[in-house]
Amino acid sequence: MRRIFKAMGWADWMVIHQSLEEELELEKNVRDVQSCDDGDALRTLCVSLVRTNWHQAKMLQQAVGHIAELDACEAAMEP
């Protein structure tokens, strides 16, 4: 099978690389939450984050499972 991408180690693709801009944006958002005194807004945010986290964790679990299946199929095809 011809590969057109750079081979990575089995866990290299899970390393998160964030730009300085992304890091600063995250820090700004964290500080906004830390400085919020509105209990209702924080409760609404927490509910939204819990739901989003669950969905993203489930999607990630399914994606990693699919990648593992593809890796196993590719390994089985190699001589």
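The protein has 2 helices and 0 strands. This is a predicted model, so please take what follows as computed from that prediction.

Start with burial and surface. Of the 79 residues in the protein, buried ones make up 1%.

Next, helix α2. Helix α2 covers residues 39-77, which is 39 residues. From first C-alpha to last, α2 reaches 56 Å, close to the 57 Å expected at 1.5 Å a residue. At the start of α2, there is a contact from Asp38: one of its side-chain oxygens comes to within 3.1 Å of the backbone nitrogen of Asp40.

Leu60 also lies in α2. Is Leu60 buried or exposed? Its relative accessible area is 52%, and the cut-off for exposed is over 50%, so Leu60 counts as exposed. Leu60 belongs to a nonpolar patch on the surface, together with Trp13, Met14 and Val64. Together these residues have about 360 Å² of accessible area. On the spacing of residues along a helix: an α-helix has 3.6 residues a turn, so residues three or four places apart point the same way.

Last, the cysteines. How many disulfides does a search of the whole structure find? The search finds 0. Cys46 is in no disulfide, and the nearest cysteine sulfur, that of Cys36, is 10.0 Å away; the cut-off for a disulfide is 2.5 Å between sulfur atoms. Cys46 is partly exposed, at 46% relative accessibility. Cys73 is partly exposed as well, with a relative accessible area of 47%.

Note on methods
Residues numbered from 1 in each chain as written. Predicted model: local features only at pLDDT ≥ 70, side-chain atom pairs only at ≥ 80, totals over all residues. Heavy atoms only, no water. Patch = residues over 30% accessible without salt bridge, like charges linked within 9 Å, V, L, I, M, F, W, Y side chains within 5 Å. Areas by Shrake-Rupley, 256 points an atom, 1.4 Å probe, with all protein chains shown as cover. Salt bridge = Lys/Arg side-chain N within 4 Å of Asp/Glu carboxyl O. Helix = DSSP H or I, 4+ residues; strand = E, 2+ residues; numbered from the N terminus. Buried < 20%, exposed > 50% of the residue type's maximum accessible area, 1.4 Å probe, protein only. Expected span 1.5 Å × (residues − 1). Polar contact = N/O pair within 3.5 Å; in protein donor to acceptor, adjacent residues only side chain to side chain.
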